[in-house]
Structure formats: C-alpha cells, structure tokens
Amino acid sequence: LIKQEEKRQQETLMLIPSENIASRAVEEAVASIFGNKYAEGYPFKRYYQGQQYVDQLETLVIERTKKLFRVPHANVQPYSGSPANLAVLLALAKPGDSIMGLSLDSGGHLTHGSKASYTGKLFHSVQYGVNKQGLIDYDDVFKLAKKVKPKVIIAGITAYPRVLDWKKFAQIADEVEAYLMADIAHLAGLVIAGAYPSPAPFTHVVTTTTHKTLRGPRGALIMVTERGLKKDPDLQEKIDKSVFPGLQGGPHENTIAGIGIALKEVSQNSFRVYAKQIVKNARALASQLNSYGFDLVSGGTDSHLILINLQNKNLLGNTVAEACEEAGMVLNRNAIPNDPNPPYYPSGIRLGTPGVTSRGMKEKEMKHIAQCINDVVVTLQDIKKKTKMTMLDERKRENRIKIIKQAKTLRKVRQRVLQLCTKFPIKKYY
C-alpha cells in the first residue's frame, strides 16, 4: 500500500491546499527510534526515566519555534491542529462561554466553533461570515463582537483566500476584552517566509499545523505571544496544562523530531523563495481560471489557495472533484459562502499550490493546469446537458460515475497531467 500510494502521488497533481510534500529528512525523523519513547510531561519535568535525549530534542524544537515565529513561548506537543485549537479554547474559556470564529461556509474551520465540532458544542459559538464580495467585513465583526461579548475571538482560515487584517481583529478583541487566537494552520510557512503577514504582534495565542505550507510532518504548535503574556502572565502555564494533562498523554517525540527538521529547513533562504513562489503560482492559476469564466470567491487570492463557485458551470463540487481525480488532479469539493447546497454536496471546489510548487512548478505550469481543469469542466457540462441531468440527480454517486465514464476527454487530460508529473518528479525535492 505504501508503494501504491507513492506511485499515486508521483503520477497525480497534489492540488489540495492543506497537503504538501515533506522532505526525506522529515520522513526519516518521523520514522526514527524516538517513536519508541514515552515522555509524558515537559522537558526536565517528565514522569518516566530515560529522557535525556528527548528533553534535548523537545527543547531544541521549542527554541526553533520561538525564534522563527518571534514568540516568547511555544508548546510543540499537540498531536494535530484540531486538538491544539480545542486545548487553547479550554485554556482561555469555560464551557458555556461565548466564542466567535469564521463560519465553515465562509472559509473557517470546524474547530472555529462549528456546531458539528465540540468547539461549537462546549461553547456558545457565534459565527461571523463574509459579504457578497466574499470578504470579511470587519465593521460587521465588530458589531457582532459588541453584541456577543465573546471570551475568545478566532481569526483563521481554511478556505478564505484573502489576507486577514490582524490589526483590525486585535482592535475588535481589545474593545470587547476578548482573547484573540490566530489559527495559521494553512499560512505558517508563508508567514515565516514573509509572504503573508504575521499575527504574532497582534494576537494573544497562535496555533498552527506543521504539515501544510510549513512542509513538515502531521503535527501542531501552540504559541503564546508577548501581547498574550501582557494580557495574562499565566497564559503559557494555562496552555501547557490544557495540552497535558488536560487533553493528551505522552507526546509523539518522533513527530516533534520531524517538526524540528522542518523548522530548520524553513529557516533557509531557499524556503523563502519557495513560499513566495507558492503565492505567485496561486495567483497565476487563479488568473488563468478566471479567464476561462470560473467564478472565484472574492475574485482571486492573496495566498496559496483558491475557492471556486461552480454555480455558473451548473455542476456540483463532487462531480468536478471526482472527475479531476480521474484526470490526475487531486483537489477537494468545498462549500462556498451562502451555499444553496448541503455541505456533503457543495457548490464549490478548493485548490491550492503548495504541493505542485514543491515539485518545482512555476507560473507556466499553472496555466497548463488551469487548461486541464477547464477541459474537464467543459466536458462534464456537455455530458450533463445531453443527459438532461438535474442537480438532484447529480447528488447520486451512480449518476456521477455515469457522467465520468462518458467523459473520454478525461483520459486525454490524464496523459497530459502524467507528462507534467514526469517532468517534475517528487524525488527532485528529496
């Protein structure tokens, strides 16, 4: 299965914006002997013996995190982004307290207070959204915050393509005396490289995963900022206790080792060049898709991701995502703001450029990818029109399979994609 997955990744385009390609060094660290060691507790305050090298490792990774993100405190133990976010909320608020976060269909994350998540079940969650242009209206956020008086405001994205105004969020949080938490899971690599503004000078707490634009293993970080310690001198202790023993047991020191390798890699100038190319590629891809008549939410992108509203193409996100995969391009269906369709059958698709940029692709290749996506969509439109299939019909998987089987163009597109993948192999990055 590992060999088959390796072949799949080599022969397809990784266009899901939350995926990336870790280096061989990161993979080796995750597969290292550190995975054998149980290390409940924190450096030099463990509950087991045999910690001399684990303590050195974790201390090194903490120091690298603090230096790169310019923060006074970091916890490198969270298993992933979702438990990291929950740990922060439980440290800053009590169950039943009010929190505010960007709604899921506006580009936020489940753990920003969605009712489907425990962050929306444990807390009184009020969600802010976007305007008709697909942008956050900070005046509206301020009005909502004054009404709700939240204990925590979450500023973060998973499908919002524009730059967040950290300063405005900070002004809103200060006005209502709320903690401001930034979730930069998608943005961390861009932030370190200077390709996206850092939230650290404006927020109290910052969380991030380590496997997206940071190009590390699947883990997470929680950071306390200078503003956070000024607001609450005990904040770092509250965060640490919320992670362990509050939510987790022994940390995954092999993953922490992989994070340490990734942080070393992102400190190099070559990574800064890479991260800025991610944004250049996303903008080039967005521009070309726009020229083909795709309706881009917010009109474009300032980051690594693009969100497309397919309503003008009369197609569900499911159909386009499944057909693109058949053609060798792996992206995901996604809800759009004020989506008339349910979350499982959304009207949009989401795609991004971290993975293809890791393979060395640039603006020229983005134009080629956009053409391939357009060819897939045009074929699907033609077949759907001929078969007189409705949106409700399209929700049935067997009907989508029928459309895709009739789309002979997909095989031709897949050959073009395969040629592109062969020209830019993943091993080149290793």
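Arg-416 has a relative accessible area of 23% and is partly exposed. Here, buried means under 20% relative accessible area, exposed means over 50%, and partly exposed is anything in between (1.4 Å probe, protein chains only). The areas themselves come from the Shrake-Rupley method with a 1.4 Å probe, and for residues only the protein chains shown count as cover.

What does Arg-416 meet in a salt bridge? Its partner is Asp-375, at 3.0 Å from N to O. Asp-375 sits in helix α15 (residues 363-387) and Arg-416 in helix α18 (residues 409-423), so this pair ties together parts that are 41 residues apart in sequence. Asp-375 is also partly exposed, at 22% relative accessibility.

## About the model

You are looking at a predicted model, in which local features need pLDDT of at least 70 and side-chain atom pairs count only at pLDDT 80 or more, while totals for chains, interfaces and linings use all residues. Residues are numbered from 1 along each chain as its sequence is written, and side-chain values use heavy atoms, with hydrogens and water left out.

Helices (H or I, at least four residues) and strands (E, at least two) are DSSP runs, numbered from the N terminus.

How many salt bridges does the structure hold? There are 17, each being a side-chain nitrogen of Lys or Arg within 4 Å of a carboxyl oxygen of Asp or Glu. One of them joins Arg-283 and Asp-302, at 3.9 Å from N to O. Arg-283 belongs to helix α12 (residues 269-291) and Asp-302 to the loop between β11 (295-296) and β12, so the two link parts that are 19 residues apart in sequence. Arg-283 is partly exposed, at 45% relative accessibility.

Another salt bridge pairs Asp-232 with Lys-238, whose closest N and O atoms are 2.7 Å apart. Asp-232 is buried, at 8% relative accessibility, whereas Lys-238 is partly exposed, with a relative accessible area of 35%.

## A positive patch on the surface

Which residues gather in a patch of positive charge on the surface? They are Arg-70, Arg-272, Lys-276, Lys-280 and Lys-362. A charge patch joins like charges within 9 Å, using residues with over 30% relative accessible area and no salt bridge. Lys and Arg count as positive and Asp and Glu as negative, while His and the chain ends are not counted. The place of a charge is NZ of Lys, CZ of Arg, CG of Asp or CD of Glu.

Arg-70 is exposed, with a relative accessible area of 74%.

## Loops and backbone details

Gln-51 lies in the loop between β3 (45-46) and α3. Buried or exposed, what is Gln-51? At 6% relative accessibility, Gln-51 is buried. The Gln-51 side chain reaches the backbone oxygen of Tyr-48 at 3.4 Å.

Two residues other than glycine have a positive phi: Phe-44, near 70 degrees, and Asn-314, near 55 degrees. Phe-44 is in the loop between β2 (41-42) and β3 and is exposed, at 62% relative accessible area. Asn-314 is in the loop between β12 (305-309) and α13 (317-326) and is partly exposed, at 42%. Finally, look for the cis peptide bond from Phe-244 to Pro-245, with omega near 10 degrees; Pro-245 lies in helix α10 (residues 235-247).

How values were computed. Patch = residues over 30% accessible without salt bridge, like charges linked within 9 Å, V, L, I, M, F, W, Y side chains within 5 Å. Polar contact = N/O pair within 3.5 Å; in protein donor to acceptor, adjacent residues only side chain to side chain.
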